[in-house]
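Trainee: I am new to this structure. Could you take me through the terms used for it?

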Amino acid sequence: MSHEKRTLEFYVLAAFFTLFVLFLYGPLSAILILSFQGETGGLTFPLNGVSLHWFANLFERQAVGDFGGSFKRSLVLGVMVMIVTVAVSLLAGLAFRRKFRGATALFYLAVASLVVPSIIISLGIGVVFQQIGFRPAWYTSAFGAHLTWTLPFGVLIMFAVFNRFSPAYEEAARDLGASSWQTFAHVVLPMIAPSLIGVGLFGFTLSYDEFARTLMTSGTFNTLPLEIYGMTTNVTTPVLYALGTVTTVFSFLVILATLAAILYVGRRRARA
Amino acid sequence: MTVALERPAIAAAKPARRRRLSLSAITPYLQSAPLALILGAFLLLPIIMIVVVSFWDYDFAAMYPDFLTTNYFDVLGSWVTWKTYLNTIKLAVIVWALTLFIGFWVAYFLAFHIRTTAMQMVLFLICTVPFLTSNIIRMISWIPVLGRNGLINSTLVQLGLVPKPIEWLLYSEFAVVLAMVHLYTLFMVTPIFNTLMRIDKSLVEAARDAGASRWQVLWNVIIPLAKPGMAIGTIFVVTLVMADFSTVQVMSGGQSASVALMMKNQMSLLQYPAAAANAVVLLVLVLLMVAGILRIVDIRKEL
Amino acid sequence: MTNTTQTKTGISRRALLKTGAAAVGLAAGSGAISGFPTIWAQSNITLRQFGTGVSNLNAIADKCKADLGITLEMTATDSDAAAQRAVTQPDSYDIADIEYWICKKVFPTGVLQPMDVSKLKYYDELVPLFKTGKLTPDSVIAQGTAPHTVGFVEAQGSKTFAKAPTNWFTMVPTIYNADTLGIRPDLVGRDITTWADIMDPAFKGKTAILNIPSIGIMDAAMIMEAMGNIKYADKGNMTKEEIDKTIDFLIKAKQGGQFRAFWKSFDESVNLMASGEVVIQSMWSPAVAAVRSKGIACRFQPLKEGYRSWGGGLGLAAHLKGAELDAAYEYINWYTSGWVGGYLNRQGYYSANMVSAKKFMSEDEWGYWIEGKPAKGEIKAPDGTVMEKAGALRDGGSFEERMGKVACWNSVMDEDRYMVKRWNEFIAA
């Protein structure tokens, strides 16, 4: 197909794709523009001049809340969730390559984890912690709540990866006398590394942006999405948009870093 | 829960085969243990708790452990519940249809019309970036665009296309659907793109060599092979819409109801047993929908 | 005092407890040694407080640290989440900053402990509204969940509210205000005098009320009564028939397209007004100020039926004891000692202790915000931005005029189960 000339279908779809991208970025650009709102401007158009006032304001102390603290918490939580999601999904993916009792049950439990409405999990975890007498906190109850959201994604991705993974490589390695650990570390792991990075990225961003599941499990301190939501009870300035712009830029950086990591792994593998 | 739990019950009922407990035999159990533990503690236990609480009694001030079905009668016996569920399902169907349509064509374009893998990755990542921005911010970002004096309305009025601002752009069902499509399309694009990428291109070539038209190839080869991706995307989108409360609240300006919003209103006055009963009903409904989807497409086999 | 505050000894809270300094703390907490809150400077004691963004101000935490040495960790939530957190995560906070209407439901769950009035240094100076329900001895008690009805319990450990003031105070009031309709004088084009005006067909599609059931229903009740549709026995505690009538009326108005939106948070109300989506809506006083600070005309319109009022207070978590409990008392005493009061008054809210707050406000500020006199100079917000120019008059007049004309408080009704059910119908309609 790649040798054909561009067809009409290509141009129609390219236009469709462009429209889709515009649709995705349209409102975001509204935010981007409004975050440069003048000092007296509000949350809506028109612009009252152009300034960096709200970005400066973002890094100052707000009248209410604590962007810095909640950002840090969300970041740490995101990294924690990322690491655990990668490790647990990888293990589960390996487990599911063989038959074991309860495999189907576990698979459906993972799917259920995905489909159970977030607010129900949030409420449930909150109540359970209360009944047991544990203190809910962002690094315990909310951490668990986030995992119920990220793990199914991770497990499904690992499934897809291992379904396509030919055991021939491993057999070859074993024939050459590699132990099962060596086979795993030197053959399997490098091959699935890009997917693992993908799982990690997924885990991080899903957690970083999680709202409903954190609502009743965060304990004393807010994560960033909760903070943003709480802010709306008091903040009526474009500082919210400045925050939006900054987090989008941050996401860009995360993606670039991931891309770089994948490329790096790919190149190393190519060299090896 | 019912659906997911039916199967283990059957599985457990099978007579246990005697097996030698060697290290390699228990390996899968050890490997799957973390997943099982986490899901058990943070998913199963909380849901059991919710189910238990949904049978409790409550009055003005407190909840009392009990076994009452009143909460369920209250939920199922009111026309509001039915209307709200219908409304939410309607919303889910509309959003699903739109995201499926958009998601499929976007994924198709990326998978079959972009020639280099690098370009595919770049374009795909372009689609991913907005998804990494806070949902709440993405949602409220529509307000300055759609509002009475927003970007679209002021442009239309200035161009003289409409005499006065269009009211239904914001705080309407239209706004809710628009925002949801915006928020959730990526959940459709990703799995479909993933399945499309794995279609063996020689299959398509073979079909074309056999004289099939582009549409025939699309209809008879590509779409059937893309079904698992569509199924996964459908599960994502349907469950996200069914459980949504903030998008509906913000984008409809509080004018529309959704099931989760109804639960939130009950929770806001601390009527937890009622909210829990509602949650159980919602959960059963969503799981039935997912079971239906899984019956059509076994995603596990075709992943 | 400042010196001691800055000396950090580095003794941990636990160490302090062990060394028996708690006993000293007890003495301070009881108010016996007033003027020596410096003890806390050495203790690194931390109090965790949550509440809505309206009153969880960082400035208060900063000042508290400077004055008392107590670190106040504040978490802002929306008002729904605040109620949830109060009940479902009682271990996650030491001080709950919640509204009085939800206190009616929160307190009986046993997550808060009442305060010993004798330990509250400024109890006598608190506005009587929170003790007897009357602003002045001859004022009429407003309907609804008035703060004094949930202000006291019979004894420590009791979960039922007392009918008259006792020695056990449930919450120390923080801020309160009287709400009414906010209008865009440039867009309404006529005088607004009554709650019924929000139903004027001329404003079709340009009005809004609150979407928090306990508050929205009171908005609706004020409107219903103003239109002469109904006369409630007690609109803060409606019967099922009254709820039916009110909700049916709301449903009809909604289907007729009278409302543009139902708002839930402060910023929504400001944006609705500032962007011209609505021209008349139920509104909070500082939201009006926020609209005005953007250079848009907006008025907090006094109405002949009176105001719908609300108030919040600080409650002590049930798990507090020992040194932490004393610190909490110390904090609450400090809260009512004036600085915070002045700060809140300057935002357009009212503080519970007007006597002490006055000492922390300039004469002009006191005149403008509390006495309803024309401003002599510029009236500035706490961050220094000019809110009103010289000569400005506060809408609704003085504190007595506004809080004296409260018709009802935000309410949790005995029939709240039925009310929420019907409210969900209204939203679904």
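Predicted model: local features only at pLDDT ≥ 70, side-chain atom pairs only at ≥ 80, totals over all residues.

Mentor: Residues are numbered from 1 along each chain as its sequence is written, and chains are lettered from A and ligands numbered from 1 in the order in which they are written.

Trainee: Why is A:Gly65 called buried?

Mentor: Count the C-beta atoms. A residue is buried if 20 or more other C-beta atoms, placed from the backbone, lie within 10 Å of its own, exposed if 12 or fewer, and partly exposed in between. A:Gly65 has 26 within 10 Å, so A:Gly65 is buried.

Trainee: Where is A:Gly65, and what does A:Gly65 touch?

Mentor: A:Gly65 sits in the loop between α2 (53-59) and α3 of chain A. Helices here are DSSP runs (H or I, at least four residues), as are strands (E, at least two), numbered from the N terminus. Contact means that two C-beta atoms, placed from the backbone, lie within 7 Å. Not counting residues up to four places away in sequence, A:Gly65 touches A:Glu227, A:Gly230, A:Met231, C:Gly53 and C:Ala76. A:Gly65 and A:Gly230 are 165 residues apart in sequence, but 8.0 Å apart in space, C-alpha to C-alpha.

Trainee: What makes α3(A) oblique to α6(A)?

Mentor: Helix α3 (residues 67-95) and helix α6 (residues 141-163) of chain A pack at about 40°, with axes 8 Å apart. That angle makes α3(A) oblique to α6(A). Angles under 35 degrees count as roughly parallel, over 145 as roughly antiparallel, 65 to 115 as roughly perpendicular and the rest as oblique. Axes are lines fitted to C-alpha atoms, for helices over the stretch in contact, and angles run from 0 to 180 degrees between N-to-C directions.

Trainee: Which residues meet there, and of what class?

Mentor: Among them, A:Leu77 and A:Val81 in α3(A) meet residues in α6(A) including A:Phe143 and A:Leu147. The contact has 17 nonpolar, six polar and no charged residues. Ala, Val, Leu, Ile, Met, Phe, Trp, Tyr, Cys and Pro count as nonpolar, Asp, Glu, Lys and Arg as charged, and the others, Gly among them, as polar.

Trainee: What makes α11(C) largely enclosed?

Mentor: Eight of the nine residues of helix α11 (residues 285-293) of chain C are buried, so the rest of the structure largely encloses this helix. C:Pro286 and C:Val288 are among the buried ones. The buried residues pack against β8 (172-183), α10, β11 (280-283), β12 (299-301) and β16 (386-388) of chain C. After α11(C) comes C:Gly295, with a positive phi near 80°.

Trainee: How many residues does each side give where chain C touches chain A?

Mentor: Chain C gives 30 residues and chain A gives 28. α10(C) gives the most to chain C's side, with five residues. That side has 10 nonpolar, 14 polar and six charged residues.

Trainee: What are the domains of chain C?

Mentor: Domain 1 is 2-170 + 310-336, and domain 2 is 179-306 + 405-428. These bounds come from an automatic or database domain assignment.
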